[in-house]
Amino acid sequence: MKTTQFIIKNLTELYNIACLPLLRQDENTVWNSPRWHRLHWLQCRGTCERNGNRTRFASGDMLLIAAGEEVRFSVADEGFQYLLYFPSARHGVRLEVPQYIDSATNHIIGEWILRLWELLSRPQGTGGNAIMTGALTQMILAECHRLTQENGSESVGAVRRLGRELATYPESGGSAEALARRAGLSRNYLARQFRELFGASIPEFQRLKRIDRAMLYLESTDMRITEIGTRVGYPDPAHFNKRFRETAGCSPSHYRENGGSTDIWPPTPPDTEFPPAPQSPARSEAPTSS
């Protein structure tokens, strides 16, 4: 597996996420961001030129590009991409990540990217979602790094399967001992390996996925809040309210009343310039044509 290295000061910091077109007319566009590491989640077929090498990609594949590295796309059928920007740093965590992740391997990363996009693309401010977006960002980076460490052992596969079960059915779970028995592993090994693979402890991971599911119910259904709490694994309303506040920064009722925004006060637009998109390039960071 070919890898590249991200140097990141804070694993929970995501600078921006964008959804951008990939068109045949953009074949000569060179993507290069000196200040940001990037994850390209491609939703079309084509080839990628990188460091003088050309690689075919299919819809759903991902490319991870270190800051300052150039990449050029040529698409077979027009589509789009989700593009995540991670701030680079001179000093910080050195994270080895794959240069390329195929669609058969990156399913759980894709789920987390879609949730990030949903949280950060709302017209209302999302400052109160900082805990959730930070956790998702850390889990994405941790999972990318984990793929470089994967040894194919049965025990690692068991931990991955358990993580996918908890992500799909967050209301399930159980005690640490019960989860260890389900995975066929020791409690200590499971706890250590789970954190390495998913970037969070099992209780943290369960809480984030349960509250994430509760947010979706609050946004898209008229179910009573007590019923939602029970559905996501918190039958005690007081406990559900406490966990929701810890994660989202507001109560479930406030979240619903404000249309899915956790901001308690009107947000202030950030005084910062986002990385440029190809259709509106900035001089220092712009994709260039050759």
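Reader: Does R35 count as buried, partly exposed or exposed, and what is the reason?
Author: In this predicted model, R35 lies in the loop between β3 (29-31) and β4 (36-42). Buried means under 20% relative accessible area and exposed means over 50%. The relative accessibility of R35 is 48%, so R35 counts as partly exposed.

Reader: What distance separates the C-alpha atoms of R35 and Y85?
Author: R35 and Y85 are 50 residues apart along the chain. Their C-alpha atoms are separated by 9.2 Å.

Reader: What geometry does the aromatic pair of F80 and Y82 have?
Author: A search of the whole structure finds 16 aromatic pairs. Among them, F80 and Y82 have ring centres 5.6 Å apart and planes at 80°. Angles over 60 degrees count as edge-to-face, so the pair of F80 and Y82 is edge-to-face.

Reader: Which class of accessibility, buried or partly exposed, applies to Y82?
Author: F80 has a relative accessible area of 32% and is partly exposed. Y82 has 11% relative accessibility, and the limit for buried is under 20%. Y82 therefore counts as buried.

Reader: How many residues apart are W112 and F198, the pair that links distant parts of the chain?
Author: W112 and F198 form an edge-to-face pair, at 6.4 Å centre to centre and 80° between the planes. W112 belongs to helix α1 (residues 107-120) and F198 to helix α5 (residues 187-198). Both W112 and F198 are buried.

Reader: Which residues do ring pairs link into a cluster?
Author: F80 and Y82 form an aromatic pair. Ring pairs link these two residues with two Trp residues into a cluster. The cluster consists of W41, F80, Y82 and W117.

Reader: Which residue lies over the face of Y234?
Author: The distance from the ring centre of Y234 is 5.2 Å, and the cut-off for a charge over a ring is within 6 Å. The residue over the face of Y234 is R210.

Reader: Why do the buried residues of α4 line one face of the helix, and within what arc do they fall?
Author: The buried residues of helix α4 (residues 176-183) are L179, A180 and A183. Seen down the axis of α4, these buried residues line one face of the helix because they fall within an arc of 100°.

How values were computed
Residues are numbered from 1 along each chain as its sequence is written. This is a predicted model: local features need pLDDT of at least 70, side-chain atom pairs count only at pLDDT 80 or more; totals for chains, interfaces and linings use all residues. Side-chain values use heavy atoms; hydrogens and water are left out. Helices (H or I, at least four residues) and strands (E, at least two) are DSSP runs, numbered from the N terminus. Buried means under 20% relative accessible area, exposed over 50%, partly exposed in between (1.4 Å probe, protein chains only). Rings of Phe, Tyr and Trp (its six-membered ring) pair if their centres lie within 6.5 Å; planes under 30 degrees apart count as stacked, over 60 as edge-to-face and the rest as tilted. A charge sits over a ring if NZ of Lys or CZ of Arg is within 6 Å of the ring centre and within 35 degrees of the ring normal. The arc is that of the directions from the helix axis to the C-beta atoms.
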